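Please look over the sequence and the model before reading on.

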Amino acid sequence: MQTENLNTMEISWKQLENNISVGHFTSTNSAPGYKSSQIYVKKYEALKSNSKNKVTIFLFHDICQHHGRFQSFIDWAREKNPEISFVAMDFVGHGLSSGTRGHFEKFDHLVTDVHFLLNHLEKNSNDKWIVMGHGLGGLVALDLYNRFQDSAGLLIDGLILSNFILKFQTLLLQLEDQNLFKKSGLEKFIAHSRPLRIFKSNEILSFPEDILNYEQDPLVVHRPTLKSMKEIQKKITNIYQDSYFLGTPLMLIKSEHGVGTLGQEIDYFAKGIKKDLLTEKKYSLMRHDLYNEREKEIVFQDIMNWMNTYET
């Protein structure tokens, strides 16, 4: 990992209209001798100033997706709650960030980039920061909080994790785990292969028109590299113990329709969380991408209700 001169690195911002700005920063994990990856960030400042209760929601997307998958939530929330700000980031290799599409070498790389982002934004003493992650973004948010409790963890006032336990079944992963590719010299080639789509269309969304829009989204990758899938699986293996160390209010969101959600495993994770910190919401008719389902406003309102009523 590149560590030199990190304190001098900054986020370069460009102001757009409607209190929106876009920025980028050099990934903290750019390897020496290789072109540095640029991480894309989009910031939505509050439309209505409220200095007493300034709230910022950080949004982190799922594997193979991008920040734009939260756009409906952002637009809805800015209309209903104009005092809320948003910050959304594309992981390396995703969306408008640079890098090999749908690929990251280490799960830790995603976490350290998010850590850099939070530590290079200004937070006042009476501000509230909520970190919200979907799928892969939920795993990153959880790891960020637990690994950096003395830095970024101190900045986080609440976590929202949705459909964040992901598992993949592919023969290549099983063979790779047995180190069968090292002897053949194919290890690097196999690691960067794209063996399968991680989700079927009808696991993502319910309605044909929404599915078509998802399929035609130019920033959705659909097929991640085997290396990225393996990094997620390594994180999942040790995830259950992470629930015991959470010390901030947590909202768990789970859609129960679609095999990608693995709802029972999220329930198992929830058992380790202190009950006075935990709020759970389950949606029996929604599929994995619940921020873009037809009934998504139910989810949006539940999130706002939690933020407004759960004392953080």
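The questions and answers below treat charged pairs, nonpolar cores and aromatic rings in turn.

This is a predicted model, in which local features need pLDDT of at least 70 and side-chain atom pairs count only at pLDDT 80 or more, while totals for chains, interfaces and linings use all residues. Residues are numbered from 1 along each chain as its sequence is written, and side-chain values use heavy atoms, with hydrogens and water left out.

Q: How many salt bridges does a search of the whole structure find?
A: A salt bridge is a side-chain nitrogen of Lys or Arg within 4 Å of a carboxyl oxygen of Asp or Glu. Searching the whole structure by this criterion gives a total of 16.

Q: How many residues apart in sequence are the parts that Glu215 and Arg197 tie together?
A: The side chains of Glu215 and Arg197 form a salt bridge, at 2.9 Å from N to O. Helices (H or I, at least four residues) and strands (E, at least two) are DSSP runs, numbered from the N terminus. Because Glu215 belongs to helix H8 (residues 208-215) and Arg197 to the loop between helix H6 (187-191) and helix H7 (201-204), the parts tied together are apart in sequence by 18 residues.

Q: Is Glu231 buried or exposed?
A: Glu231 forms a salt bridge with Lys234, with the closest N and O atoms 3.2 Å apart; both residues lie in helix H9 (residues 226-237), three residues apart. Buried means under 20% relative accessible area, exposed over 50%, and partly exposed in between (1.4 Å probe, protein chains only). Lys234, at 42%, is partly exposed. Glu231, with a relative accessible area of 5%, is buried.

Q: Which helix holds Asp267, the partner of Lys282?
A: Lys282 and Asp267 meet through their side chains in a salt bridge of 3.3 Å, N to O. Lys282 lies in strand S9 (residues 278-283), so the pair ties this strand to a part 15 residues apart in sequence, namely helix H10.

Q: Which residues touch the most other members of the largest nonpolar core?
A: A nonpolar core is a set of buried Ala, Val, Leu, Ile, Met, Phe, Trp, Tyr and Cys residues joined through side-chain atoms within 4.5 Å. The largest such core has 59 residues, and those touching the most other members are Leu117, Leu118, Phe164, Leu252 and Phe269.

Q: Why does the pair of Phe25 and Phe116 count as tilted?
A: Rings of Phe, Tyr and Trp (its six-membered ring) pair if their centres lie within 6.5 Å; planes under 30 degrees apart count as stacked, over 60 as edge-to-face and the rest as tilted. The centres of Phe25 and Phe116 are 4.7 Å apart, and the pair is tilted because the planes stand at 35°.

Q: How many residues apart are Trp76 and Phe300?
A: The rings of Trp76 and Phe300 have centres 5.6 Å apart and planes at 50°, so this pair is tilted. Both residues are buried. Trp76 lies in helix H1 (residues 71-80) and Phe300 in helix H11 (residues 296-309), and their separation is 224 residues.
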